Amino acid sequence: MTAGYELQALWAALVLYVIAGSVAIFGVVLRRKPERAVLALLFLGLALHTASIAMRWERIGHGPYITMFEILSSNIWSLLLVYTLAYWRIPAIRPTAAAVMPIMFVMMGWMLMSNPYDGHAPSTYHTIWLFIHIGFAKVFMGTVLVAVGISAIILLRQSRYHGGRFTRLPDDKRLDELSFRFMAIGLIFESLMLIAGAIWAQDAWGRYWNWDPLETWSFLTWLFLIFSLHLRVAYKTTPRTSALLVMAVFILAFLTFFGVPFISESPHKGAV
Amino acid sequence: MIWQWISKLASLKFTLVVLVLVGTGVIISYRSEGTTTWALALPLFLFSLNLFAAILTNPVFRRQMPLLMFHLALIAIVLLVAVGRLSYLKGRIELAEGEEFSARLAEVEKGPWHWGQLDQVSFSNEGFTIEYAPGVQRGKTVNSVRWRDEQGTEKRGVIGDMVALSVHGYNFYTSHNKGFAPIFTWHPDAGGPSVAGAVHLPAYPRHEYSQAQTWTPPGSKSNVWVMLQFDEVILDPEKASEFRVPTEHKLVVRAGEERRELGPGESIRLPDGVLEYNGLRSWMGYTIFYDFTLPWLLASGVLAVGCMAWYFWRKFSVRPWN
C-alpha cells in the first residue's frame, strides 16, 4: 500500500514539474510572466516528491542513494530544490527556468526508464558522513544548475533565435557576475564534498583516497571548475566565454555523477 | 632577474598551465597500471612554487587575509600530501580466530621514510560475526579483538564497519575478505616443540566452490593439499543468515599419493612428521593504514575551504544579488 502511495506521489510531483516547466517555457515564448504560478507548481511538486522519497526511505530502510532510480530521483529533487530557492529569492533570473526545466525533463524521463528495485545498502553506508558527503554534492550540482540557466540566457541572447525575449533580464555582464557567484558557491560545496567523502572513505575502507572512477572524475571536475574560475580572472573572459565554461563544467559534473555508475558497479567501485 | 622569474612563476597564466598539468597527471595515474607518482608529484611541486611566488609578489595577499590564508592552506595540503606519501604504510593481513598479529604482512606498500613501529603492535582476532540479508547481501561486521595499547595495557573491544582498531598510529580495518581456516599441529620427527598452524582457505562466499589450498606446515619440507567439504547452507540466498563455520564438515588432506579425510583430533603421517587436524575456525582479512599527516591534512582542508568561503562572502556582500 505504501509503495502505491509512494508511486502516486512521485507521479503527481513529476506532472507538476512538467506543468511548471511548460508554463515557464510558454511564458518566455509568449512574453508573459507566469512566475507566481511556476513557483507555486515547483513548491507543490517538491512537497509531493519529498513525501514520495520519505515513504520509500521508510519502506526499504535506506535513503535514495543506492540504485540509479534512487540517485536520479533524489537528484531531481535536490536540483529543483536549489533552483526553486534561487528562483524564489532572485526574481531577476526567473526566465532561466525555460532553459533549466528541459534538463530536468531529460532526467525525469531517464528516471522513469530506470529500474525502481529496492537495492541493498552496504553496511559502510550507515554513517552520517555519507549524508554529509551527498548533501554537499547536491548543493554543488544545484548551484551549478542555476549558473547553467543564467549562462544559457547569455548564450541564447547572443544567438539570433531569442527574438528579444530576454531583454527584461539584467545585461550580460551582470548575468555573468551572478553566474560566477553560483559557480563560486559550487566550488565551496564541491570542496566540502571531497573532504567529507575522504573522511567517509578513511573510516569505511581504510583509505581516504583511492583514485576510483568516481573519486578521479570528481577531482577532475573540481580541478576544471577552479581552472574555469581562474581563466575568467586571468583573461577577463567575455560573458559568452564564461557561459561556455559554465556549460563545460556542468557537462563534466553531470557525466561524473550520472555517467560513472555506468562504468562502475557501485557509486564507489569495490568500496562496499 | 630573480624577481622577474618569481613574478613569472606567480602569474595566474602559469596557474592555468599548472592546473592543466595536474589534470593530465591525474589522468595518467588513473589510466596507468604501474607507479606514476612523478605524474602528480611534478605538477604539484610546480603548483607549490606558483602559490609561494604569488604570495611573495602579489600585493592582493597583503590586503586580503582570507585569500592569503586560503593559499597558505593549499601549500600546507600539498606539503602534507608529499610527506604523507613518503611516510605512509598500506598493507593487508589475514588472521585466524585466536591468532596473534605477527607484523608479517600479506601485502605491503610504504613510503621510503616509513620507520614505523609495526613490530610493536600486539593484537589478536577473537572471532567475528557478519550478518547477511536475503540474496547473500553482506551486512554488519562485528569483530572482537584484543590488543595492548602504547602503555602495554591489555584491552578488548569490537571493531567493524566504520570502526577501526588504532594502535601505535596504525589503523586496522576489517575487510570483506574472510573465510575458513583449518587448524593443525605439526609434530616433527626430528624432535623439538610441536607447532600450530592455520590454512587460510580462499575467501568465502566469493570462492564458495574452490575451498582448497596447498600448504606447507611450519618447519616441514612437505606440501599438503587441503580441501574443505560440507553440505549445509551457510549463507542462504532466500533468507537472512550469518557467517559461521559449518557444524559438520570433512577435511580432505592429500600428501603425495596419500589421500585422507580427517576429523578433529585425527592426523596424517608426512615424510618428516605427523600433521594433526585440530578443528575448523574462521579467518578475517584486515587492511592496515598508517599516515600521521591525516589530522593535519583534514585541518588544512577545512581551513582552505573556510577561507575560500570567507573570501567569497566578503566579495559578494559588497553588491546585492538582486
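A residue is called buried when its relative accessible area is under 20%, exposed when that area is over 50%, and partly exposed in between, using a 1.4 Å probe and the protein chains only. By this rule A:Trp11 is partly exposed, because its relative accessible area is 46%. The structure is a predicted model, in which local features need pLDDT of at least 70 and side-chain atom pairs count only at pLDDT 80 or more, while totals for chains, interfaces and linings use all residues. Residues are numbered from 1 along each chain as its sequence is written, chains are lettered from A and ligands numbered from 1 in the order in which they are written, and side-chain values use heavy atoms, with hydrogens and water left out.

**Overall build of chain A**

- Chain A has eight helices and zero strands, where helices (H or I, at least four residues) and strands (E, at least two) are DSSP runs numbered from the N terminus.
- Read along the sequence, the pattern of chain A is therefore written α-α-α-α-α-α-α-α.
- The radius of gyration, taken over C-alpha atoms, is 19 Å for chain A, which agrees with the value near 19 Å that a compact globule of 272 residues would have; the globule rule is 2.2 Å times the number of residues to the power 0.38.
- Along the principal axes, the C-alpha atoms of chain A fill a box of roughly 55 × 50 × 30 Å.
- Of the 272 residues in chain A, 59% count as buried.
- Contact means heavy atoms within 4.5 Å, and among the contacts in chain A between residues at least 6 apart in sequence, 82% join residues at least 24 apart.

**The surface of chain A**

- Chain A exposes about 11,100 Å², of which carbon and sulfur atoms supply 69%; accessible areas come from the Shrake-Rupley method with a 1.4 Å probe, and for residues only the protein chains shown count as cover.
- A nonpolar patch on the surface is formed by A:Leu7, A:Trp11, A:Val15, A:Ile19 and A:Leu112, which together have about 450 Å² of accessible area.
- Patches are made of residues with over 30% relative accessible area and no salt bridge, with like charges joined within 9 Å and nonpolar side chains (Val, Leu, Ile, Met, Phe, Trp, Tyr) within 5 Å; a salt bridge is a side-chain nitrogen of Lys or Arg within 4 Å of a carboxyl oxygen of Asp or Glu.
- Helix 1 (residues 2-29) of chain A gives the largest share of the nonpolar patch, four residues, and A:Trp11 lies in this helix.

**A buried arginine**

- A:Arg232 lies in helix 7 (residues 213-235) of chain A, and this residue is buried, with a relative accessible area of 18%.
- Not counting residues up to four places away in sequence, A:Arg232 touches A:Asp176, A:Glu177, A:Phe180, A:Thr237 and A:Ser242.

**Backbone features in the loops**

- Most residues other than glycine have a negative phi, and most peptide bonds are trans.
- A:Trp211, in the loop between helix 6 (172-205) and helix 7 of chain A, has a positive phi near 55°, and at a relative accessible area of 29% this residue is partly exposed.
- B:Ala103, in the loop between strand 1 (89-96) and strand 2 (107-110) of chain B, also has a positive phi, of about 70°, and counts as partly exposed at 27% relative accessibility.
- The peptide bond from B:Tyr204 to B:Pro205 is cis, with omega near 10°, and B:Pro205 is found in the loop between strand 8 (195-198) and strand 9 (212-215) of chain B.
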